[in-house]
Amino acid sequence: AEPVTTPALDESLSGHFRLIENDQTGPARVRIRQWLNDHPQDARAEFLMGLSYHQEKRYGRALDWFNQAVEHQPVYPPAWHFQGWTNYYLGNAEPSRLAFEAHLRLDPSEGDSHFALGLLAIEDWNLDQAETHFKKAIELQSNQPGRTKGVSKAKARLSEVVEHRDGDIQQATILLRESVELHPDHYEAWYRLSRLLEMQGRSDEAGSAMEQFHIAKARVRP
């Protein structure tokens, strides 16, 4: 496949997408169903239907719609990307990997698909491959506006590779500090930073990081 541009949503479908963004998934599905009655096998609408279920974490239903979208329009990049994440959350590692690889063939600039492939590589304990994907995720998303959260997540996961493969606690600590500076709500990174600082005998700093972990977690998951 050649890199492609995702077809734009028209005004009606854009409105349905905004409903999903605002967690009004039920009303969105009613409107998308009406659209599909008039536009059968429209991959954009099928993708949005899947996205509405994905938003609710109803991954089995979401996957059915994403599968239809990629069947009816194999070069629709978002459907492959979310098909990958849906399979990942369902524990379907190989279909997830294939979907993310397909997405990157269509959209090589998407760092989040590299991030996902890095997670899958960690699960296979292929840490060299995980490092490659996380570094690519950092590189791509660092050059895109509004992607600091993605860079933060990739740096935090790269720190795991550095710690477990290389035993380089200091470099892992640096990566975690960079992660939380980019995204202070990343409470898992604060927790791991506290643990690594404690391992280095830096108890005061570890205590401060643990305090930030509790503050961030209360902010994100009150």
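Ala, Val, Leu, Ile, Met, Phe, Trp, Tyr, Cys and Pro count here as nonpolar, Asp, Glu, Lys and Arg as charged, and the others, Gly among them, as polar. By that scheme, the lining of the largest pocket has 14 nonpolar, 8 polar and 12 charged residues. The model is predicted.

**Overall fold**

The protein has 12 helices and 0 strands. Read along the sequence, the pattern is α-α-α-α-α-α-α-α-α-α-α-α. The C-alpha trace spans about 65 × 40 × 30 Å along its principal axes.

**The largest pocket**

The volume of the largest pocket is about 1200 Å³. Its lining is made of 34 residues. Nearest the centre lie Trp 85, Tyr 89, Phe 115, Lys 149 and Lys 153. Several helices contribute: H1 (11-21), H3, H5 (77-89), H7 (111-123), H9 (148-166) and H11 (187-199) each supply at least two lining residues. The largest share comes from H9, with 6 residues.

**Two helix pairs**

Two packed helices are described by the angle between their axes and the distance between the axes. The table sets out two such pairs.

| Helix pair | Axis angle | Axis distance | Crossing |
|---|---|---|---|
| H3 (residues 43-55) and H4 (residues 59-72) | about 165° | 8 Å | left-handed |
| H11 and H12 (residues 203-220) | roughly 165° | within 8 Å | left-handed |

Take H3 and H4. Their axes pack at an angle of about 165°. Angles over 145 degrees count as roughly antiparallel, so H3 is roughly antiparallel to H4. On the H3 side, the contact is made by Ala 43, Glu 46, Phe 47, Met 49, Gly 50, Leu 51, Tyr 53 and His 54. H4 answers with Tyr 59, Arg 61, Ala 62, Trp 65, Phe 66, Gln 68, Ala 69 and His 72. By class, this contact has 10 nonpolar, 4 polar and 2 charged residues.

Now H11 and H12. Their axes cross at roughly 165°, which means that H11 is roughly antiparallel to H12. From H11, the contact uses Tyr 187, Trp 190, Tyr 191, Leu 193, Ser 194, Leu 197 and Glu 198. From H12 come Ser 203, Glu 205, Ala 206, Ala 209, Met 210, Gln 212, Phe 213, Ala 216, Lys 217 and Val 220. The contact of H11 with H12 has 11 nonpolar, 3 polar and 3 charged residues.

H3 and H11 link the two topics. Each supplies at least two residues of the lining of the largest pocket. H3 also packs against H4, and H11 crosses H12.

Technical notes:
Residues are numbered from 1 along each chain as its sequence is written. This is a predicted model: local features need pLDDT of at least 70, side-chain atom pairs count only at pLDDT 80 or more; totals for chains, interfaces and linings use all residues. Side-chain values use heavy atoms; hydrogens and water are left out. Axes are lines fitted to C-alpha atoms, for helices over the stretch in contact, and angles run from 0 to 180 degrees between N-to-C directions. Helices (H or I, at least four residues) and strands (E, at least two) are DSSP runs, numbered from the N terminus. Angles under 35 degrees count as roughly parallel, over 145 as roughly antiparallel, 65 to 115 as roughly perpendicular and the rest as oblique. A crossing is left-handed if the near helix is turned anticlockwise from the far one by less than a right angle, and right-handed if clockwise. Contact means heavy atoms within 4.5 Å. On a 1 Å grid over the protein atoms alone, a cavity is a set of points where a 1.4 Å probe fits but cannot get out, and a pocket is an open set with protein on both sides within 12 Å along at least five of seven lines; lining residues have an atom within 4 Å of a point. Grid points are joined across faces, edges and corners, and a volume is the space filled by probe spheres set on the points.
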